[in-house]
Amino acid sequence: MKRIVSLALTLSLCLPAAWAAPEQLPAVDLVSSSAVLMEKETGQLLYEKEAHQRMEPASVTKIMTLLLIMEALDAGRIRREDPVTISSTAAGMGGSQVYLEEGEQMSAGELIKCITVVSGNDAAVAMAEHLAGSETAFVAQMNQRAQELGMADTTFINCTGLPAQGHLTSAHDIALMARELILKHPGIREYTTIWMDSIRDGEFGLTNTNRLIRFYNGATGLKTGYTDTAQYCMAATAERDGMELIAVVMKAPTSPQRFDDAKALLDQGFASYTLTNVYPDAPLAAIPVLLGDCAQVQPQLERDCRLLVRRGEESAVTTQVELPADLEAPVEQGQRLGELTVYVNGELRDTIPIVSAQGAQRLTAPGIFSRLLRELFMAG
């Protein structure tokens, strides 16, 4: 026998990922040829302009370089303190650089700083060689990782973003790899939020190429890029009120315009959307277990649910809880018992399984007899 318990609720507290997107932003006045705005936690796209057009990404490429570095760092394959010896190849890189010299040693942490803050091509190649033995081998890993992330518009030829025939990606794909980096490796913020710093014991100063770090409220990163053919690109990330957004702009005609376009996207996103925590308005009641070695089990949500909604729609969120009136043993810990469905203005936006917090074994015949004796004794 089952009982359906329906609970209508307006919003309140804490919970990941709605899978039906809210309506996207209306047209934003941008000069950049291509752009995307994405919310980090849910991965929902809030704005697209020529999102899949394949373009040169310039140094925005280094988001993937940093992703592979951070994956190695967080997995313990390398340490920030590890010394990296600079090869002649790395020392000979042009474009943005920190003028590494062949045979010079610098720690992995310092090289990561050089990549994130001033987009050092020499630092990027040095880390690629340190991790994979050669830039070629590292680029193969970059392309493999791009496939795993669903970056169908992307082909990497190098780890720097220097002009190369066929080195192309899209605003959509940049948002995907940026999200993976900041979502799975929040330690990257230690570097991407640096405004000014130095290396070589203070002898060489660094100033972030991303001026939003200094001048935009909540800026957390991420990466700028420029070449004559790619023009001005960037992936900008910022967080306010617990919501982090990723704005990607490509092929802006000037550096100020790329920053203006990124700010316009972020401003619209923060003004238009909010992440809200959804939970049942009453505690989930314990469910009786028939023929179990314990009398009841406690249902609980399998995961939290944080819902992305347009500002002002918080009160339009409702939920329904579906649970049985009782269960028959055995019940496994983590066994699905029912579900919480979440709606916005009547539209289904998420479904969260409800599972058992503990298990209940089925009583044996002697166990049933013992229980009956205890009940008779207590009744007497």
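Visitor: Before that, what sort of model is it?

Guide: This is a predicted model, where local features need pLDDT of at least 70 and side-chain atom pairs count only at pLDDT 80 or more, while totals for chains, interfaces and linings use all residues. Residues are numbered from 1 along each chain as its sequence is written, and side-chain values use heavy atoms, with hydrogens and water left out.

Visitor: What span should helix α9 have, and what does it have?

Guide: Helix α9 covers residues 255–272, and its 18 residues should span 26 Å at 1.5 Å a residue; the end C-alpha atoms are 26 Å apart, which agrees. The expected span is 1.5 Å times one less than the number of residues. Helices here are DSSP runs of H or I with at least four residues, and strands are runs of E with at least two, numbered from the N terminus.

Visitor: What caps the N-terminal end?

Guide: T254 does: one of its side-chain oxygens lies 3.1 Å from the backbone nitrogen of Q257.

Visitor: Sheets next. What is the order in the five-stranded one?

Guide: That open sheet runs β2-β1-β9-β8-β7 with antiparallel pairing. Strands β2 (45–49) and β7 (219–227) are at the edges with a single partner strand each, so one side of each has no neighbour in the sheet. Two strands pair if DSSP finds at least two bridges between them.

Visitor: How many bridges join β8 to β9?

Guide: Eight, between antiparallel strands at residues 231–240 and 243–252. In that pair, A238 stands opposite L245 in β9.

Visitor: And the four-stranded sheet, what is its order?

Guide: It is also open, with the order β13-β18-β17-β15 and antiparallel pairing. Its edge strands, β13 (299–301) and β15 (317–322), pair on one side only. Six bridges join β15 to β17 (residues 336–344), and E322 stands opposite E339 in β17.

Visitor: How far apart are Q144 and T254?

Guide: They are 110 residues apart in sequence and 33 Å apart in space, C-alpha to C-alpha.

Note on methods
A polar contact is a pair of N or O atoms within 3.5 Å; within protein, one must be able to donate a hydrogen and the other to accept it, and residues adjacent in sequence count only if both atoms are side-chain atoms.
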